[in-house]
Amino acid sequence: MTAPGPVSGMPVWYGFLTPVLEVLADGATWSKRDLHIAVFDHIGLTPEQLEETLPSGKSRADNRIGWALSGLNRAELVRRPVRATFVITDAGRQMLAAHPNGINEKILKSVPAYKAYVPAASASVTEDAPQEIDSDAEPLEQIEAGVARVHKSVAIDLLKRLRDQHPEFLEHAVLKLLVAMGYGGAEQRATRIGGTNDGGVDGVIDQDPLGLERIYVQAKRYAADNTVGREAIQAFVGALHGVGAARGVFITTSQFSQGARDYVNNISARVILIDGQRLTSLMIKYHIGVQVRDTFTVVEVDEDYFE
């Protein structure tokens, strides 16, 4: 049912998929902590396996079941009624019944809901097929590749969360992001304008310390397959002219058509287009909607010490 790890016999992350669903099959709403304990007991992890830790000091078993729960949630085989709780869905029960010999990574990623969550054809954030870290690569390159893989997964989750929220949430989030990037002037002023009478702009933010120059913002919460075309950008530029502005930022959780990009390159107004991929990359860089999970310190010999 589970795939063993290379040394200890602990299942790899996808080896936890079936056990998690089997425990949740009782229909109860499980807290994260209790679910972890029950799954470990269900699998029969040994005390030695439960004591295994990552170099960061965190539990290896907790880390692997966390990845499994994330995948199951993306595939809508489990859901989170409230924070840090889990319950199986009807789709989860059907998946469990359809694969009595166990669910692997390939099966999980074939689920329609998972494919919709991570659209392969989208110009927005996509997830590459799983691949092992190149064992021949220099150690720092391996670390960077691992961090990039984690961040890619986080970016996918960020987009999903943003699309599931009310449009006002996105408007507040992008203004907070721009302030974190250094805009907003000395007083970090950013004002949300969005509403039925917003005149085609959702927010305004100071570009310089005195507020002599302002940047107007439009934020569109769109699904992955809803491309922002030239017409929407033209309307935004018209709104900028209406307030006497020449600078704007148009942000979307989807992507822009080539026509939209060509249009902004041939107008006098300065308009920056930020699609879902760039948005989540900036949110990760400036720590908006994310928190630091682990910090690693890499050392090298101090040559000056030995001179």
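How many salt bridges does the structure hold? The structure holds 7 salt bridges, a salt bridge being a side-chain nitrogen of Lys or Arg within 4 Å of a carboxyl oxygen of Asp or Glu. The model is predicted, and for that reason local features need pLDDT of at least 70 and side-chain atom pairs count only at pLDDT 80 or more, whereas totals for chains, interfaces and linings use all residues. Residues are numbered from 1 along each chain as its sequence is written, and side-chain values use heavy atoms, with hydrogens and water left out.

One of these salt bridges joins Arg 74 and Asp 157, whose closest N and O atoms are 3.3 Å apart. Because Arg 74 lies in helix α4 and Asp 157 in helix α8, the pair ties together parts that are 83 residues apart in sequence; helices (H or I, at least four residues) and strands (E, at least two) are DSSP runs, numbered from the N terminus. Arg 74 has a relative accessibility of 3% and counts as buried, where buried means under 20% relative accessible area, exposed over 50%, and partly exposed in between (1.4 Å probe, protein chains only). Another salt bridge is formed by the side chains of Arg 261 and Asp 275, at 3.3 Å from N to O. Arg 261 belongs to helix α11 (residues 258–264) and Asp 275 to the loop between β8 (270–274) and α12 (276–285), so this pair ties together parts that are 14 residues apart in sequence. Arg 261 is partly exposed, at 29% relative accessibility, whereas Asp 275 is buried, at 12%. The side chains of Asp 294 and Arg 293 also meet in a salt bridge, with an N to O distance of 3.8 Å, and Asp 294 is partly exposed at 28% relative accessibility. Salt bridges that share partners join Lys 58, Arg 293 and Asp 294 into one network.

The nonpolar residues were examined next. In soluble globular proteins, nonpolar side chains tend to be buried together. A nonpolar core is here a set of buried Ala, Val, Leu, Ile, Met, Phe, Trp, Tyr and Cys residues joined through side-chain atoms within 4.5 Å. The largest such core has 30 residues, of which Val 20, Leu 21, Leu 35 and Leu 72 touch the most other members. Two or more residues of this core come from each of α1 (17–24), α2 (32–43), α4 (60–74), β3 (85–88), α5 (90–98), α6 (105–108) and α7 (112–117). When residues up to four places away in sequence are not counted, Leu 72 touches Leu 17, Val 20, Leu 21, Leu 77, Val 78 and Leu 108, contact meaning heavy atoms within 4.5 Å. Apart from this core lies another, of 21 residues, among them Leu 178, Ile 205, Ala 219 and Leu 282.

Ile 251, in strand β7 (residues 247–252), is buried, with a relative accessible area of 1%. Leaving aside neighbours within four places in sequence, Ile 251 is in contact with Val 174, Val 217, Gln 218, Ala 219, Lys 220, Ile 274 and Leu 279. Ile 251 and Arg 221 are 30 residues apart in sequence, and their C-alpha atoms are 8.6 Å apart in space. In helix α8, Leu 159 is buried at 3% relative accessibility, and its C-alpha atom is separated by 8.4 Å from that of Gln 277, 118 residues apart along the chain.

Rings of Phe, Tyr and Trp (its six-membered ring) pair if their centres lie within 6.5 Å, and planes under 30 degrees apart count as stacked, over 60 as edge-to-face and the rest as tilted. By this rule the count comes to 5 aromatic pairs. Trp 13 and Tyr 14 form an edge-to-face pair, at 5.8 Å centre to centre and with 85 degrees between the planes; Trp 13 is partly exposed at 22% relative accessibility, and Tyr 14 is partly exposed at 28%. The ring centres of Phe 16 and Phe 40 are 6.3 Å apart and their planes lie at 80 degrees, so this pair is edge-to-face. It links distant parts of the chain, with Phe 16 in the segment before α1 and Phe 40 in helix α2, 24 residues apart. Phe 16 is buried at 0% relative accessible area, and Phe 40 is buried at 9%. Ring pairs also link Phe 236, Phe 250 and Phe 256 into a cluster.
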